[in-house]
Amino acid sequence: MTVVVKIGGARAVDPEGALADVASLVEDGEDVVLTHGGSTAVDETLADLGQEPTYVETPGGVVGRFTDEETMDVFKMVMPGKLNTDLVESLQNAGVDAVGLSGTDGKLLELSLIH
């Protein structure tokens with residue numbers, strides 16, 4: 001069985017505890033897949049670049065990010081570049097033989113448009 005762990009990307013989330021748990025699971029012989037968020041890091045990078053994120057609200061009150069082409073470029077830079085690399089490095093420092101992949105690596109995730 002594979003254990004899937006999701007670490008959120010909100011400002012208040014400190015991944016160290018989750019990474020220690022992942023290291024413990026791996027040490028116990030579990031197969032672990034770690035996925036992560038990163039919206040706060042994306043917002044911070046947008047601010048550093050002089051851009052402001054745009055949020056939209058549905059009629060039902062659900063708030064989400066509007067992701068234009070420039071924002072998507074920042075996601076592509078931050079998520080696999082900074083965040084994924086930092087998490088892999090932390091896991092390796094904890095003795096886990098970690099590998100970081102993005103959804104586009106090896107076509108792990110593909111967009112399917114339904115017309």
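A nonpolar core is a set of buried residues of the kinds Ala, Val, Leu, Ile, Met, Phe, Trp, Tyr and Cys, joined through side-chain atoms within 4.5 Å. In this predicted model, the largest such core has ten residues: Val 5, Ile 7, Leu 19, Val 22, Ala 23, Leu 87, Val 88, Leu 91, Val 96 and Ala 98. At least two residues of this core come from each of strand 1 (2-7), helix 1 (16-27) and helix 3 (69-93). Apart from it lies another core, made of eight residues, including Ala 41, Val 42, Leu 46 and Val 74.

Beyond its neighbours within four places in sequence, Leu 87 is in contact with Ile 7, Pro 15, Leu 19 and His 36.

Helix 3 deserves a paragraph of its own. With 25 residues at 1.5 Å a residue, helix 3 should span 36 Å, and this agrees with the 35 Å between its end C-alpha atoms. An α-helix has 3.6 residues a turn, so residues three or four places apart point the same way. After helix 3 comes Gly 95, with a positive phi near 90°.

Two further residues round out the tour. Thr 40 is placed in helix 2. Because its relative accessible area is 12%, under the 20% limit, Thr 40 counts as buried. Leaving out residues up to four places away in sequence, Thr 40 touches Gly 9, Ala 10 and Arg 11. Lys 107, in turn, lies in the segment after helix 3. Its relative accessibility is 59%, over the 50% limit, so Lys 107 counts as exposed. Although Lys 107 is not a glycine, its phi is positive, at about 55°.

Finally, the UniProt record, an unreviewed entry, lists residues 1-109 under "domain: Aspartate/glutamate/uridylate kinase". In the model, the span of residues 1-109 is 43% helix and 18% strand, and its end C-alpha atoms lie 21 Å apart.

Definitions and conventions:
Residues are numbered from 1 along each chain as its sequence is written. This is a predicted model: local features need pLDDT of at least 70, side-chain atom pairs count only at pLDDT 80 or more; totals for chains, interfaces and linings use all residues. Side-chain values use heavy atoms; hydrogens and water are left out. Buried means under 20% relative accessible area, exposed over 50%, partly exposed in between (1.4 Å probe, protein chains only). Helices (H or I, at least four residues) and strands (E, at least two) are DSSP runs, numbered from the N terminus. Contact means heavy atoms within 4.5 Å. UniProt positions are given in the numbering used here, feature names are shortened, and annotations may be inferred rather than shown by experiment. The expected span of a helix is 1.5 Å times one less than its number of residues.
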